[in-house]
Amino acid sequence: EVVQKAADIQDAISEGANSFLWTEYKYLGVFMVIMAILIFSLLGSVTPDDGRTRSDEIRNGLFSTIAFVLGAITSILSGFLGMKIATYANARTALEARKGIAPAFMCGKFAGGLDPVKSRHLLPQHVQPFGVARHSIPLLHMP
């Protein structure tokens, strides 16, 4: 009975988390489109320096835009996976708490240690727009 009640609560929490994420993704989609257009417009319209052509600048703007979008998608995926892990770990930690504080602590600790949002710093830093997206998308998660 306790396990079933915990499962019901976990389902409700998961449903609420999914609703929050899909609403947030609507706003993130608008943000990504605006930023992608801005990045391409600014980088693609740069006056070519010595030895560079107009097509080089457009290519630079295009690749930077693609890197930004990939970084944003990676960040969104990390947030989605982190939310899934958190909601499942929440119910599991509550059930482990019936056995004592040590099992509950260990369950919560390991679930938090697997959070993909925390591991986003392992992604490559050499692609600058990718890094900009990785660090700008989480800012929209702040209260």
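**Note on the aromatic cluster and nonpolar core**

1. W22, Y25 and F80 are joined into a cluster by ring pairs. Rings of Phe, Tyr and Trp (its six-membered ring) pair if their centres lie within 6.5 Å; planes under 30 degrees apart are stacked, over 60 edge-to-face, the rest tilted. The model is predicted: local features need pLDDT of at least 70, side-chain atom pairs count only at pLDDT 80 or more, and totals for chains, interfaces and linings use all residues. Residues are numbered from 1 along each chain as its sequence is written, and side-chain values use heavy atoms, leaving out hydrogens and water.

2. The ring rule gives two aromatic pairs. The pair W22 and Y25 is edge-to-face, because the ring centres are 5.5 Å apart and the planes meet at 85°. Both residues sit in helix α1, three residues apart, about one turn of the helix. Helices here are DSSP runs (H or I, at least four residues), numbered from the N terminus.

3. W22 also forms a tilted pair with F80, at 6.5 Å centre to centre and 50° between the planes. This pair links distant parts of the chain, with W22 in helix α1 and F80 in helix α2, 58 residues apart.

4. Buried means under 20% relative accessible area, exposed over 50%, and partly exposed in between (1.4 Å probe, protein chains only). W22 is exposed at 52%, Y25 is buried at 15%, and F80 is partly exposed at 25%.

5. The largest nonpolar core has six residues: L21, Y25, L28, M32, A72 and I76.

Terms used
Core = buried A, V, L, I, M, F, W, Y, C linked by side-chain atoms within 4.5 Å. Helix = DSSP H or I, 4+ residues; strand = E, 2+ residues; numbered from the N terminus.
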